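Have a look at the picture before reading on.

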Amino acid sequence: MSKIPYKIYLNESEMPTAWYNLRADMKNKPAPLLNPGTHQPMAAEDLAPVFCEELIRQELDNDTPFFEIPQEIRDFYKMYRPSPLVRAYCLEEKLGTPAKIYYKFEGNNTSGSHKLNSAIAQAYYAKKQGLKGVTTETGAGQWGTALSMACSYFDLDCKVYMVKVSYEQKPFRREVMRTYGASVTPSPSDTTNVGRQMLERFPGTGGSLGCAISEAVEVAVTSEGYRYVLGSVLNQVLLHQSVIGLETKTALDKYGIKPDMIIGCAGGGSNLGGLIAPFMGEKLRGEADYDIVAVEPASCPSFTRGKYAYDFCDTGMVCPLAKMYTLGSGFIPAPNHAGGLRYHGMSSILSQLYDDGYMRAVSVPQTEVFEAAEKFARIEGILPAPESSHAIKVAIDEALKCKETGEEKTIVFGLTGTGYFDMVAYEKFHDGKMTDYIPTDEDLAKSLATLPVID
Ligand SMILES: *Cc1c(COP(=O)(O)O)cnc(C)c1O
């Protein structure tokens, strides 16, 4: 066979025409969302004031294996997809490993990450329903940026609640969103009840993702013609992100490559769930086996130290309850944590798969993540996002293990985005000011004590 190219691109005709719904192949389905008041499973009509109709249908469907990607979305995907699957020849050589390393790079669009794959789908369904606009929260800003791009494409209004510390520390992200026409409000704000309460109780607070979610939901349900959209965690988001895995699988199949190991970083679980989807499907159907690895920060270790339980998705406790690996909705990573992936919970789909033993998880301290990021940038050229660098770190570790054992494993990892807006974190690392804080068992016990009691 001819040498595998550095970058495997697909032709337009090879691009996926349907998203793959991993839940269809799961024997143990992910647990349903529960009403926070009654603890009963949420039906479509209960979710309708908050989410778009078609997205609710996707959220609740555990059985349909494929959802056709509407032509308008496929047209938008063509602007930045297929994303390349890169053979990391340079990295392999530098490491001196017999392992073969591939990465799927999702940073080749202006928003700089995979989040656009779901943002465009969510904006499309909102437009199709005749809505005026959508609301959302953003922490570091990638999701808000992706959604702003998607909304401007479909001419929808976009209201973003941005965690106040990020709003102040990341003015460039904010301006990208405004360039695409979004309105960006620092959270907590005085535009909502939840926000006003937070400001009263904690004057001067820098805000949190959980609070920004509560604000965005409040605005959606109280504004005519608006719904709330979310960039990770939900089943619908993993469905849209399956485009990453489907492209990866087609590209590998084209060259007869079968991976041994698939690695992805895990915040809310959407890129990992998308990357592994078709491979996990084969594993669930007993057709193939893969070593699937989730990588999370040691400072926010939902899988490796969390509990599998129903929990609140937001601090205001207005959202449905989700069963997931969680650290408790009150958990906030240490202030020096700069690597992203700071959500307290995890996708219900991935949580169930992890609990059933279909995948494993490791946690890594942030200084080692930035070491891996810098090494990767110098060797492969791409400046990676700190989030993505969690996967890089473990891919390098695994390749070095192969060097010791002589195993020629094929490793695929997800390179979810670029790090251009994370230079303050890189600066801290370069100046030797970055430290690792790993929460103690007592820290975790405190936030886990706030889990709701479900009979
Ligand atoms: C948001 C984000 C992540 C983490 O989110 P998931 O839902 O776990 O995928 C990872 N990498 C980048 C670049 C991101 O923007």
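How many salt bridges does the rule find across the interface of domain 1 and domain 2? The rule finds two, a salt bridge being a side-chain nitrogen of Lys or Arg within 4 Å of a carboxyl oxygen of Asp or Glu.

A quick word on the ground rules. This is a predicted model, where local features need pLDDT of at least 70 and side-chain atom pairs count only at pLDDT 80 or more, while totals for chains, interfaces and linings use all residues. Residues are numbered from 1 along each chain as its sequence is written, and side-chain values use heavy atoms, with hydrogens and water left out.

## Two domains

The chain splits into domain 1 (7–14 + 81–112 + 235–448) and domain 2 (21–68 + 114–228), with bounds that come from an automatic or database domain assignment. Their C-alpha centres are 22 Å apart. On the domain 1 side, 44 residues are in contact with 46 residues of domain 2; contact means heavy atoms within 4.5 Å.

The size of an interface is often given as the accessible area lost when the parts come together. Here, about 3,900 Å² is buried between domain 1 and domain 2, and carbon and sulfur atoms give 61% of that. Buried area is the accessible area (1.4 Å probe) that two parts lose on being put together, summed over both. In domain 1, Ser-111, Gln-236 and Phe-421 lose the most area to domain 2, together 18% of what that side buries.

The interface of the two domains also has 18 residue pairs in polar contact, both residues at pLDDT 80 or more. A polar contact is a pair of N or O atoms within 3.5 Å; within protein, one must be able to donate a hydrogen and the other to accept it, and residues adjacent in sequence count only if both atoms are side-chain atoms. Helix H11 (235–254), helix H12 (270–284), E13 and H14 each give two or more residues to the side of domain 1 that touches domain 2. H11 provides the largest share of that side, eight residues. Helices (H or I, at least four residues) and strands (E, at least two) are DSSP runs, numbered from the N terminus.

## Salt bridges

Side chains of opposite charge can pair when their charged atoms come close. How many salt bridges does the structure hold? The count is 25, and here are some of them:

| Pair | N to O distance |
|---|---|
| Lys-170 and Asp-422 | 3.2 Å |
| Lys-78 and Glu-12 | 3.9 Å |
| Arg-81 and Glu-106 | 2.7 Å |
| Asp-291 and Arg-360 | 2.8 Å |

Arg-81, in the loop between H3 and strand E4 (85–87), and Glu-106, in the loop between strand E5 (100–105) and helix H5 (116–128), are 25 residues apart. Is Arg-81 buried or exposed? At 4% relative accessibility, Arg-81 counts as buried, and Glu-106 is buried with a value of 4% too. For these labels, buried means under 20% relative accessible area, exposed over 50%, and partly exposed in between (1.4 Å probe, protein chains only).

Asp-291 in strand E11 (residues 291–297) and Arg-360 in strand E14 (residues 360–364) are 69 residues apart. Asp-291 is partly exposed at 24%, and Arg-360 is partly exposed at 30%. Salt bridges that share partners also join Arg-81, Lys-104, Glu-106 and Glu-247 into one network.

## Cysteines

A disulfide is a covalent bond between the sulfur atoms of two cysteines. The structure holds zero disulfides, counted as pairs of cysteine sulfur atoms within 2.5 Å. For Cys-52, the nearest cysteine sulfur is that of Cys-151, 9.7 Å away. Cys-52 is buried, at 0% relative accessible area. For Cys-265, the nearest cysteine sulfur belongs to Cys-300, 13 Å away, and Cys-265 is buried at 2%.

## Two single residues

Ser-187 sits in strand E8 (residues 183–187) and is buried, with a relative accessible area of 0%. Not counting residues up to four places away in sequence, Ser-187 touches several residues, among them Tyr-161, Gly-206 and Glu-215.

Ala-31 lies in the loop between strand E2 (18–20) and helix H1 (44–47) and is partly exposed at 21%. Ala-31 and Met-324 are 293 residues apart in sequence and 8.4 Å apart in space, C-alpha to C-alpha.
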